[in-house]
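Q: Could we read this model together? I'd like to start with the ligand site and then look at a sheet.

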Amino acid sequence: MQPQPIKGNLNVEKLEEVIRETGVENIPFIRMEASTNLIGGQPFSIQNMREVRRVADAYGLRIVLDASLLGENAYLVIQREPEFAEATMEEVISIITGLADIVYFSARKLNSSRGGGICTDSHDIYLEMEALVPLYEGFLTYGGISVREMEAMAVGLYETLDETMICQSPEYIRYLVNSLAAKGVPVVTPPGVLGAHVDAMHICDHIPQTQYPAGSFGAAFFLISGVRGMERGSVSNQRDENGNETYADMELLRLAIPRRVFTLSQIKYVEDRLVWLNANRRLIGGLRFVYEPPVLRFFMGGLEPVSDWPQKLAAKFREDFGDSL
Ligand SMILES: *Cc1c(COP(=O)(O)O)cnc(C)c1O
């Protein structure tokens, strides 16, 4: 396979520019995300992280790594970064975590268990964090998470080193992204991790951003498939300090494909319904907020259609499929 571009890389020149403009004293840390969710689950390369490390060292800044999908990011490093084509998952993961000062993760994603963790191999950083534990958690010796949960985490971490286990999610994503692209459904390429990301700005170019194309597309897709995607566009953006909308550069619908959850026939069903919806995209209309919490509105907010488009979409669906799902 040809090496494919790695789109989650941090732009090191821009990073230095931002540091110089903002002043190093105003920057608490540099954060890397494995993988970068808001641009379609794209991985970063080890080469890129080494360059970020050099910048961090030059300015005395720490690197904080969000390792929630580190296993899948490492898998794509092996697939796409020629220097690591022969490396093991253990080697790649320990190089990446070794380049960070603090590593945190959602255990749901990294190791299929509950909770999460914050790790460091620096005693000084450990002591800084220790002081914060009573403030947010309870006294350090209270015990924290249960032993059962820690054991489940440990099993999950070992599984995360198993390439045959980790490849499942990225391989399903690759299948879905490539087959959608081949059938003319605009989707973020190359396939990354986390999920397939459908380009709703493109599909719903008849819906203005004021009416949330990605949110609308997600609602329409749920209606005609029962598949629940996640809006990653302007609904996921926050209003500015004056209460004005800030519109996202991309209007994406994320179809997350976690490891060991779906069968290939389920993925093919998603593909089939997306192809139908893309062909009928002009029937999709916009949305407006009816309930908008001030922070993270995309989690608990409520929206309604701006017209009777859902009824029209459902009518077309019945025309083509009858009453069968
Ligand atoms: C999912 C995700 C999170 C949040 O995970 P929770 O399980 O909700 O805590 C954080 N960072 C990244 C990169 C993720 O993909």
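A: Gladly! For residue classes, Ala, Val, Leu, Ile, Met, Phe, Trp, Tyr, Cys and Pro count as nonpolar, Asp, Glu, Lys and Arg as charged, and the others, Gly among them, as polar. By that scheme, the shell around the ligand holds one nonpolar, four polar and four charged residues. This is a predicted model, where local features need pLDDT of at least 70, side-chain atom pairs count only at pLDDT 80 or more, and totals for chains, interfaces and linings use all residues. Residues are numbered from 1 along each chain as its sequence is written, and side-chain values use heavy atoms, leaving out hydrogens and water.

Q: Which residues are around the ligand?

A: A residue is near a molecule if one of its heavy atoms lies within 4 Å of it. Here they are Glu33, Ser35, Asn37, Asp66, Ser68, Leu69, Ser106, Arg108 and Lys109.

Q: How far is a ligand oxygen atom from an N or O atom in the side chain of serine 106?

A: A polar contact is a pair of N or O atoms within 3.5 Å. For serine 106 the distance is 2.5 Å, for lysine 109 it is 2.7 Å, and for asparagine 37 it is 3.2 Å. The protein covers 65% of the 390 Å² of accessible area (Shrake-Rupley method, 1.4 Å probe) that the ligand has on its own.

Q: What is the strand order in the open sheet?

A: Strands are DSSP runs (E, at least two residues), numbered from the N terminus, and two of them pair if DSSP finds at least two bridges between them. The order is S5-S7-S6, with antiparallel pairing. Strands S5 (195–199) and S6 (230–232) are at the edges with a single partner strand each, so one side of each has no neighbour in the sheet.

Terms used:
A polar contact is a pair of N or O atoms within 3.5 Å; within protein, one must be able to donate a hydrogen and the other to accept it, and residues adjacent in sequence count only if both atoms are side-chain atoms. Helices (H or I, at least four residues) and strands (E, at least two) are DSSP runs, numbered from the N terminus.
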